[in-house]
Amino acid sequence: MRAGVIAVQGDVSEHADAVRRAAASHGIDAEIVEIREAGAVPDCDVLLLPGGESTTISRLLREEGIDEELKRHVRDGKPVLATCAGLIVASRDARDERVDTLDLLDVTVDRNAFGRQADSFEAPLDVTGLEEPFPAVFIRAPVIDGEALRASNANAEGVSGGHVEVLAEWNGDPVAVKQGPVVGTSFHPELTDDARIHDLAFFAQEHAGADANVEVAE
Ligand code: GLN
């Protein structure tokens, strides 16, 4: 399996380690490709969009032409795990014009929303699909707008589908979501020894094209 870690900025090696561990637990060898320019994404089976600084990441993705390749990857129904700043970049709207969002996930996020309360913290999080709570590390984390999510899910009902599933909430706000082949987390699953979120995103669920019922804007 070839796993591409978007490496224009952010915590790349931690994601590489986590995806290797998750793959190894299935007896699969993960070949890691660090992606800094266009051309490598089409050869990847799964992609990781790390945390870091979302305005920088989105600008570099656009400048390098990686943004369009990411959208193509999702349209093809191939898995992506986007964490923290990666979630912000993957969202439909980050309520901040400095972030060029990719619209891989139909969510609206508020950058640094937890920052007002606590800059960073760790919390045991109940996550759909995991038997034991996950030790979630939040660092200047975004929150997902639950109301906007419910409204867009309501509108998405019908043939075009593409519902966003909330996998975890913290204080009533969604902090982990899944839509088709894309999983996004506000927190940093790569900063613990626990690779269950990587496992959930890449191995524990079906990502067949038909299941990837997600509209990504051209
Ligand atoms: N607050 C950062 C941003 O808006 C994200 C922080 C992180 O990835 N840890 O880009």
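**View 1. The largest nonpolar core holds 65 residues, of which Val5, Ile6, Val19, Leu47, Val89 and Ala90 touch the most other members.** Helix H1 (residues 12-24) gives the largest share of this core, six residues. A nonpolar core is a set of buried Ala, Val, Leu, Ile, Met, Phe, Trp, Tyr and Cys residues joined through C-beta atoms within 7 Å. Buried means 20 or more other C-beta atoms within 10 Å of a residue's own, exposed 12 or fewer, partly exposed in between, with C-beta atoms placed from the backbone. Helices (H or I, at least four residues) and strands (E, at least two) are DSSP runs, numbered from the N terminus. The model is predicted: local features need pLDDT of at least 70, side-chain atom pairs count only at pLDDT 80 or more, and totals for chains, interfaces and linings use all residues. Residue numbers start from 1 along each chain as its sequence is written.

**View 2. Contacts of Leu47.** Leaving out residues up to four places away in sequence, Leu47 touches Gly4, Ile6, Val41, Leu70, His73 and Val80. Contact means C-beta atoms, placed from the backbone, within 7 Å.

**View 3. Helix H3 (residues 66-75) buries Ile66, Asp67, Leu70, His73 and Val74.** These buried residues fall within an arc of 120 degrees seen down the axis of H3, so they line one face of the helix. The arc is taken from the directions from helix axis to C-beta atoms. Their cover includes strands E1 (2-6), E3 (46-49) and E4 (80-83). Just after H3, Gly77 has a positive phi of about 80 degrees.

**View 4. Asp194 sits in the loop between E11 and helix H6 (196-202).** Asp194 is partly exposed, with 18 other C-beta atoms within 10 Å. Beyond its neighbours within four places in sequence, Asp194 contacts Phe134 and Pro135.

Technical notes
Two residues are in contact if their C-beta atoms, placed from the backbone, lie within 7 Å.
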